[in-house]
Amino acid sequence: MSSTDPEHREEEEAPAGEDEDTGAQVAPVVKLEEVAVTTGEEDEDPILDLKSKLYRFDKEGNQWKERGAGTVKFLKHKVTGKVRLVMRQSKTLKICANHLILPTMTVQEHAGNEKSCVWHARDFADGELKDELFCIRFASIENCKSFMETFQEVAESQSKKEENKDASAAAGLLSNLSVEEKKSEDKVGEQETASEKENKDKPEKKAEEPASSA
């Protein structure tokens, strides 16, 4: 049943009015302060930065599984000189690969695909060390070659660094041994000198004359 009240009908037919601007300023309930965001890469210099897609080999399923698409980087620490590989997903920035490049590591082209390559690593992306077999795919053959060349150069440079470190450690050990030997020689010489001095300070005993026979 329709309403016969004209006032009621006018209220129903009247268009909704626009929100009036009163000019009042309302303070925000919560004040947001700027927060400095750290990525953990502040003490590192990027060596290489390429767009790519990463896969890991699932041993249980015996198949490759996509780890994420994003940017892969080689980062060199400004103090230690160590280099790590880090890859983050493009949208979420979630880490999908994070491991050091070690002297024993090698990378090789994936069979039948010049845009992809594979390598083994002890990865820490999930917060614990895991042995992983990675495969990474690039948009071009040139990018894949650049990645592989940089990978090998870094591994070789870390190998030389380890050799220099071992040589320095060996030199230090030999130096310590030389110092210890010198100290031992000096100690023996001091003991001999003290013994000679002690013998010199002792009064000489006169030889007893044989008793005369009656």
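Two strands count as paired if DSSP finds at least two bridges between them, and the strands themselves, like the helices, are DSSP runs numbered from the N terminus (E, at least two residues, for strands; H or I, at least four, for helices). The model is predicted, so local features need pLDDT of at least 70 and side-chain atom pairs count only at pLDDT 80 or more, while totals for chains, interfaces and linings use all residues. Residues are numbered from 1 along each chain as its sequence is written, and side-chain values use heavy atoms, with hydrogens and water left out.

On one side, E3 pairs with strand E4 (residues 95–100) in the antiparallel sense over five bridges, and methionine 87 stands opposite alanine 97 in E4. The hairpin of E3 and E4 has five residues between the strands. Leucine 93 sits in that loop and takes a positive phi of about 65° despite not being a glycine.

E3 also pairs with E2, again in the antiparallel sense, this time over seven bridges. Here glycine 70 has glutamine 89 in E3 as its bridge partner. E2 and E3 form a hairpin too, with five residues between them, and glycine 81 in the turn has a positive phi of about 80°. Five of the seven residues of E3 are buried, so the strand is largely enclosed by the rest of the structure; buried means under 20% relative accessible area, exposed over 50% and partly exposed in between, with a 1.4 Å probe and protein chains only.

Asparagine 62 lies in the loop between E1 and E2 and, though not a glycine, has a positive phi of about 55°. Asparagine 62 is exposed, at 59% relative accessibility.

A pocket is an open set of points on a 1 Å grid over the protein atoms alone, where a 1.4 Å probe fits, with protein on both sides within 12 Å along at least five of seven lines; lining residues have an atom within 4 Å of a point. Strand E2 (63–77) and strand E3 (83–89) each supply at least two lining residues, and E3 gives the most, with four. Glycine 70, Met87, Gln89 and Leu93 are among the residues of the lining.

Of its 25 residues, Leu85, Ile101, Trp119, Ile136, Phe147 and Phe151 touch the most other members. Helix H2 (141–201) and strands E1, E2, E3, E4, E6 and E7 each supply at least two residues of this core, with the largest share, six residues, coming from H2.

Glutamate 132, in strand E7, is buried, with a relative accessible area of 6%. Not counting residues up to four places away in sequence, glutamate 132 touches Arg56, Trp119, His120, Ala121 and Asp123.

Definitions and conventions
A nonpolar core is a set of buried Ala, Val, Leu, Ile, Met, Phe, Trp, Tyr and Cys residues joined through side-chain atoms within 4.5 Å. Contact means heavy atoms within 4.5 Å.
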